[in-house]
Amino acid sequence: MKRYSAFALVREALNGHKGWERAWRNAQPKAHYDAIIIGAGGHGLATAYYLGKNFGITNVAILEKGWLGGGNTGRNTTIIRSNYLQDPSAAIYEKSRALYETLSQELNYNIMFSPRGVMMLAQTEHEVRGYRRTAHANALQGVSTEFISPRRVKELVPIIELNGPRYPVLGALWQDRAGTARHDAVAWGYARACSDMGMDIIQKCEVTGITREGGRVTGVQTTKGDIACDRLGIVVAGHSGVLAEMAGFRLPVESVALQALVSEPIKPCMDVVVMANTVHGYMSQSDKGEMVIGGGADGFNNYTQRGSFHHIEETVRALVETFPMISRLKMLRQWGGIVDMTGDRSPILSKTPIEGVFINCGWGTGGFKAIPGSGWGFAELMAKGTSPLTDPFSLNRFGEGRFIDESVAAGVAH
Amino acid sequence: MLILKCPYCGVMADETELSPGGEAHLTRHGPGSDDTEFEAYLFMRENPRGVHFERWRHAHGCGKWFHAARCTQTLEVFGTYSAQTTRPPQDLLDTISEKRPGWRWRDLA
Amino acid sequence: MSTRLATGGRLTDRSDRLEFTFNGKRLTGFAGDTLASALLANDQMLVGRSFKYHRPRGVVASGAEEPNALVNLGTGDRVEPNQRATTTELFHGLSATSQNHWPSLEHDIGALNGLVAPVLTAGFYYKMFIHPRPFWKHIYEPFIRQSAGLGRAPDPEARDPDTYEHVHAHVDVLVLGGGVAGLQAAHAAGAAGAQVLLLEQSPHLGGRAPVDGGTIDGQDPEAWVEATVAALKAMDNVDIRTRTMGAGIYDHGYVLGYERLNDHAPWLAGPRHRLWRIRAGQVVTATGAIERPLSFAGNDVPGVMLASAMRDYLVNYGVAAGDRTVVVTNNDDAYRTAIILKQAGLDVPAILDAREYGGGALAAEARALGIRVEQGRAIAKVQGGKRVTGVAICAQAGAGGLLEEIPCDAVAMSGGWSPVVHLWSHCGGKLLWDDAQAMFRPDPDRAPTGADGAPMLRVAGAANGFLRLGDTLRDAEAQGREAAAALGFTPGAGAAPAAEATEEAPLAPVWLMPQGARDDLRKKAWLDYQNDVKVSDVQLAAQEGFESVEHTKRYTTLGMATDQGKLSNINGLATLSRALGEEIPQVGTTTFRPPYTPISMGAIAGEAKGKLFQPIRKTPLHDWHEAHGAHWEPVGQWRRPYAYPQPGESVHDAVMREVTATRTGLGLLDASTLGKILVKGPDAGRFMDMMYTNMMSTLKPGRCRYGLMCSENGFLIDDGVVARIDDQTFLCHTTTGGADRIHAHMEEWLQTEWWDWQVYTANLTEQYAQIAVVGPKARAVLDKLGGMDLSAEALPFMGWAEGTLGGLPARVFRISFSGELSFEVAVPAHRGRALWERLHEAGAEFGATPYGTEALHIMRAEKGFIMIGDETDGTVIPQDLGLHWAISKKKDDYLGKRAQARSHMTDPDRWQLVGLETLEGGVLPDGAYAVAPGRNANGQRNTQGRVTSSYHSPTLGRGIAMGLVHKGPERMGEEIAFAMEDGETMMRARIVSPVFFDPDGEKQNV
């Protein structure tokens, strides 16, 4: 693999850029792999990468029915944070955030991790209590957060309105080492590194069946033929139910549409990410200058990658109230992604009833920020059968009533 | 913005008048059920890419719960019907069979 | 230079001269001008800078597709960035500034980027800025952000003074687009009797037809448009809205319209924008087509313009983009521009037609006018920097070998036309590649489908691929008639008007000019003008394996600018398909997302801002609280008084005072927000037993019982006092936030599980005002009001009675959430204020004190009562809270019972409720965790409990807290340490009973 650098760019510029090679090889499937990952999104590619890097398993294929990174990896609002309340969540998201910090250097691919800080506004007494609790929990989890005053909020976000007539800002939970990254680049960077380790990324290859023998996986059937494998990781987000059905088990997952939008680009006016849960909206400014806005999820099963306009209205209303200066900006584009929601809204990283088959899904609205951590833990699970990062997220927690409920911090009003 | 017909008041209601309620025709498992049954009742959900049966409430209208048969891929609504039944009406099942030959959902087809 | 001609301009009124400023320069235009036409009339060809290289940018189009002419509009609170000059109507006093340059538009330091352009290829930023790591955050990113962005950010404190509104419309046939196709479709549907709404994004009806010529029914198109509009306006069933764009089409046929009411005249009263939410029986989109640029070196130099746009400026505004215009084309349409320029007395040195076979009748007409027409020729390169100075000509078939140079100051280009298929595609309509016309058009067999599974859109005219006038009108008539017929209307005998237009020779697809352009030319051939994406960038993306059209778009940013690729998408796609050696339809298109052009956030938010942001629910006593200085706390949609600070008193001091006053005399609380749900019917008892963990069916009429509600998943979701009114009737009190939720929860179970049970529920929350009368003097004050016997014998604890209190019909519940003697008095809502005031009057001698939610919280905590949302958080079961006494052992079933039998719920290791007493004084922080020795496998500190509520108790004079602690009730007296927010400092506390005050209940049982 030719290394990327400013020097390489200058050298290629002099050479008419003829020397750039493919970022990843155009592979055709072999007959057998030690491990197959279904789904070349961020999570699937990261899993393959850490299988190779941490466990030396490089005879790996990543199968993708469309184009790599074409699902939710490229359809989110790019926020990276780890200020979660429950221990298992804080552990995996913080691992992820820490890996993001050095990912550009590790992959030799600028994923533009921007640790600009994420704040979550507290706009009711109840939220103040919830976020203070989170700050306490984070201190013991090794996640650096603090509860900050309205004055500090205004210093960090000059465009905010603290004293809205309906929900004044009472403070915020602030994580200064959280931030954003360039979403597509994360998939591309991992893909390039996987390909460089000799792994095969096979695009436009749809899995149509999962072959089993005596309760154990032996391979997959695909639109590019049958491929044998010893271990199979299913990492397909919204389409997990369909794959699980092929493998012969059910999942506590439903797929719904989640929406987002961006404004036209303007010069820098907001340096941090702000999430306002009481009014349901969050916003940051991309390096291109667009205000990136996250909206709500529909409550019904949906595979269309579209959503209803009323969610957009609700979100924009909340943000115009919170950041009044955006009123005369314009919405450039809205879109939807299909997210997979579990019964407790936390992900599933687990063994399955089929030996050798592992599932990674249910990230709901939180998937992008988890990519490196999820890949790290899931690779360990696939390689060793257990991982402290993923064990609490097993499938059997639903039967045992051992939930990982992150809605707790938001809670219910009294 | 989906639009569904409330089978109680006959109104074509925009999604903003309605609350979605998830999978329809679940059988309640209470005390005495085994762990697997109970887990399946509470959490395991049909998540088909295609025909789906689901619950809605005309929350900002007559307040009644009702059922809808809908395609999750095209969003086509095959019909809505009373929530006070354990099985979709046969004519609705026939309609779906006509439009989506070979469909199946749980033990329905 | 670009200039206003002595005559012409069908849309302008030369008698009405308007003054405006551009970058502070005072300029004039005419009524009817767009900002773009007025700028061109003033020879202001340079209007902005591009995103990446800060290249000089001039007006290139005349409508919504314009990628370059974006300005900051307005001043102060009305600053609006990225306003498209081509769709901005000029008004007197308009103030615009150009964007993305420093220090000035003419001299922009950012243009230095152009010097290193060879390095800054597609995706360069993924390959550099990697080391050293801290540089990204502190140096590279701030620099990139500053040089990117486009428009000026409004001032942080800017407050938009304008208003916005939303309207709903329900019509039979909705027509989007008011060109000749839209007008004809609307006419056909309207004549059939359908209710028709037609939306046109611009201020003018008729679209391009008046500019493009031909005849309709023997008339000049302009005359035909005028007559047709008059006919439509005469129909009562047809409504036409101009300045209103069809912004988006959503699932099940929901259409979003965006009306700009006074952007062209800001002094007008009323809302600035209006958002239309439309449901139509049939939707016809007649959105026309957009001309494509040609990809040749220097096609971005100011002065290079779409041929159709140049024609528009001339005919509509009497403005010439240049004195000497070279026309370059691959089709006949561009000849119209050449002919019109020549007829206006302007110089057209040459028409370069890339087709070897040349043009048809229009070419002959051009030649007849003396214009030099070259076939098989192309532009090798445009000369000039901030303005075109000439073109170098080559053979289209070659690599760019120079044949000749022609001096000129403008270039009109035409690469063919693309139907506007955005609305068709928003909801999944698929496209067909039309090889003959080299364009994507809607595939009628794969239309977007609606709720009934049937196609929900029709497309008419040029948007449907019918570019010739006659075809357009025929298609529009047919679509309009069919739309009406589909709704049961009977179209009349009318037929499409006959149109005549000059025959045209076929177009030849030209995706690169010249066909084999050398490297140096491809690196100057722009695809996306705003985002600076060139032919070479797309080729590099393909070379690096970004083969999917989505990959290429994202890697190069092609089509991601504010014009969303209206000009660049097809050219980019064709370039990619050639680089991959695949056919265009195989490569496919990117997804079209709403809105068609950007719409204001203000319009999306609508009326809901400030005080109207969300409704505020008010109790009957709200105004009294307001008048008495309540410090408010939002609770759901309600606001409740947190405390009533007196002048000069802090909120904390007020809370302390309120607690003490209540404990020693008399406190009054507005409890009206508590939910009150009536459950009634022969099966009410059976239903209540399922809803609550307690046995409610055995409750006697006249008695109250504290009850717990769990979800089917076992967790505690609400609590409150249930009063049995009579044999078949229960009144359930819920938490404030729970009222609507719990009512819905009850209805859900009743309607979907136990629909054969005879039970009715009604949410009576707002029908009653409820006042808690609390403290040692509670009975005394009620006795003073008189009318009911409230003695301990007549109304014992946990009883309720109905009667008349001080002349008001009342229900009195003898319940206590404070541990004091306490009565909750409910009266009809409209009598609430009277009761409240009488209580204050009568209670004055006992020191009657209104108290708020915080005093309520402290008093309940002193008594060890749990609070939903404090002690519970959705993960807590009643058993965790020592509430076993409220869980019936006799019942076979209740919601949550089965769930509470799961292994994790019965685990003896669960955290359970205890009281916590600090050892060194002080108040434990809310939410603090108790540490346990060691760390877990992920390196996190182990914990063994947490604080759920913590207060300073004025009654006890010290801090009190409740918490959930691992096996807490078994560990009474044990000391544990709680970590402060730094994770290091510890505060020690002793595990004690959660009942801190009056454990025997002596105060409440009097």
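These legends accompany close-up views of a predicted model. Local features need pLDDT of at least 70 and side-chain atom pairs count only at pLDDT 80 or more, while totals for chains, interfaces and linings use all residues. Residues are numbered from 1 along each chain as its sequence is written, with chains lettered from A and ligands numbered from 1 in the order in which they are written.

**View 1. Chain C meets chain A.** Here 104 residues of chain C and 92 residues of chain A make the contact (C-beta atoms, placed from the backbone, within 7 Å). On the side of chain C that touches chain A, helix α3 (residues 134–147) gives the most, 6 residues (helices are DSSP runs of H or I, at least four residues; strands are runs of E, at least two). That side of chain C holds 44 nonpolar, 34 polar and 26 charged residues (Asp, Glu, Lys and Arg count as charged; Ala, Val, Leu, Ile, Met, Phe, Trp, Tyr, Cys and Pro as nonpolar; the others, Gly among them, as polar).

**View 2. Strands joined between chains.** Strand β16 (residues 330–342) of chain A runs antiparallel to strand β33 (residues 599–600) of chain C, with 2 bridges joining them (pairing takes at least two DSSP bridges). Look for A:Met331 opposite C:Ile599.

**View 3. Two helices packed in chain C.** Helix α4 (residues 180–191) and helix α11 (residues 469–486) of chain C pack at about 35 degrees, their axes 7 Å apart (axes are lines fitted to C-alpha atoms over the stretch in contact; angles run from 0 to 180 degrees between N-to-C directions). Among the contact residues are C:Ala185 of α4(C) and C:Leu473 of α11(C). The contact comprises 10 nonpolar, 5 polar and 3 charged residues.

Methods
Two residues are in contact if their C-beta atoms, placed from the backbone, lie within 7 Å.
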